[in-house]
Amino acid sequence: MEIFVILALVLAVILIIGYPLVNPARYRDLIERGRTSARYNDLCDARENIFEALRDLQFEYATGKLSTADYQQLDARYQTQAADVLRQIDALQAQTQNARGRRDCPRCHAAASASDKFCAQCGAKI
Ligand SMILES: [Zn+2]
């Protein structure tokens, strides 16, 4: 008889401790955060690449390797791409803030105060 009581107690302890580990809501949240984070990092990479392309373009134009017509065409293309990526970053940041009802770092999800411009944990722009 005692063995059944002990087994019941052990089972109860395992269920109580184990439930948070198998709670699907926890994983949905973690997966969503991972997706948001990966998308944010991809957009930041894209932004840096476009800015670098713009710097290279200006350098090549300044050194006379590009005609004015080519420069203007490529400059307009990169400016459009940059504006598009910046809009997507802003939208993602707004979405992250709205989803939680407070300000979080879009990269590492550390909590931030309303006046913070950059994350205290990772330095990302908030
Ligand atoms: Zn951060």
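## A tour from Ala 69 to the zinc site

Start by selecting Ala 69, which counts as exposed because its relative accessibility is 53%, where exposed means over 50% relative accessible area, buried means under 20% and partly exposed lies in between (1.4 Å probe, protein chains only). What you have open is a predicted model, in which local features need pLDDT of at least 70 and side-chain atom pairs count only at pLDDT 80 or more, while totals for chains, interfaces and linings use all residues. Residues are numbered from 1 along each chain as its sequence is written, and side-chain values use heavy atoms, with hydrogens and water left out.

Ala 69 lies in helix 3; helices here are DSSP runs (H or I, at least four residues), numbered from the N terminus.

**Helix 2**

Now select residues 24-62, the 39 residues of helix 2, which reaches 57 Å from its first C-alpha to its last, close to the 57 Å expected at 1.5 Å a residue (the expected span being 1.5 Å times one less than the number of residues). The buried residues of this helix include Thr 36, Ser 37, Tyr 40 and Leu 43. Beyond the helix comes Gly 64, with a positive phi near 80°.

**The nonpolar core**

Next, colour Tyr 40, Leu 43, Ile 50, Val 85, Ile 89 and Cys 119, which have the most contacts inside the largest nonpolar core, a set of 15 residues. Such a core is made of buried Ala, Val, Leu, Ile, Met, Phe, Trp, Tyr and Cys residues joined through side-chain atoms within 4.5 Å. Helix 2 and helix 3 (68-100) are the elements that give two or more residues to this core, and helix 2 gives the most, with five residues. Centre the view on Ile 50, which touches Tyr 78, Gln 81, Ala 82 and Val 85, not counting residues up to four places away in sequence; contact means heavy atoms within 4.5 Å.

**Ser 37 and His 109**

Move along helix 2 to Ser 37, which counts as buried because its relative accessibility is 12%. Leaving aside residues up to four places away in sequence, Ser 37 touches Pro 106, Arg 107 and His 109. Select His 109, which is found in the segment after helix 3 and is buried, with a relative accessible area of 14%. Although it is not a glycine, His 109 has a positive phi of about 70°, and most residues other than glycine have a negative phi.

**The zinc site**

Finish with the zinc ion, coordinated by the SG atoms of Cys 105, Cys 108, Cys 119 and Cys 122 at 2.2 to 2.3 Å. Donors are N, O and S atoms within 2.8 Å of the metal (3.2 Å for Na, K and Ca), and water is not among the atoms, so sites may look incomplete. The four donor atoms subtend angles of 101 to 118°, so the arrangement is tetrahedral, a label that requires all angles to lie between 85 and 135 degrees. Along the chain, the donors follow the spacing C-x2-C-x10-C-x2-C. Cys 119 counts as buried at 8% relative accessibility, whereas Cys 122 counts as partly exposed at 33%.

Notes: Tetrahedral: all angles 85-135°; square planar, octahedral: opposite > 155°, others 65-115°.
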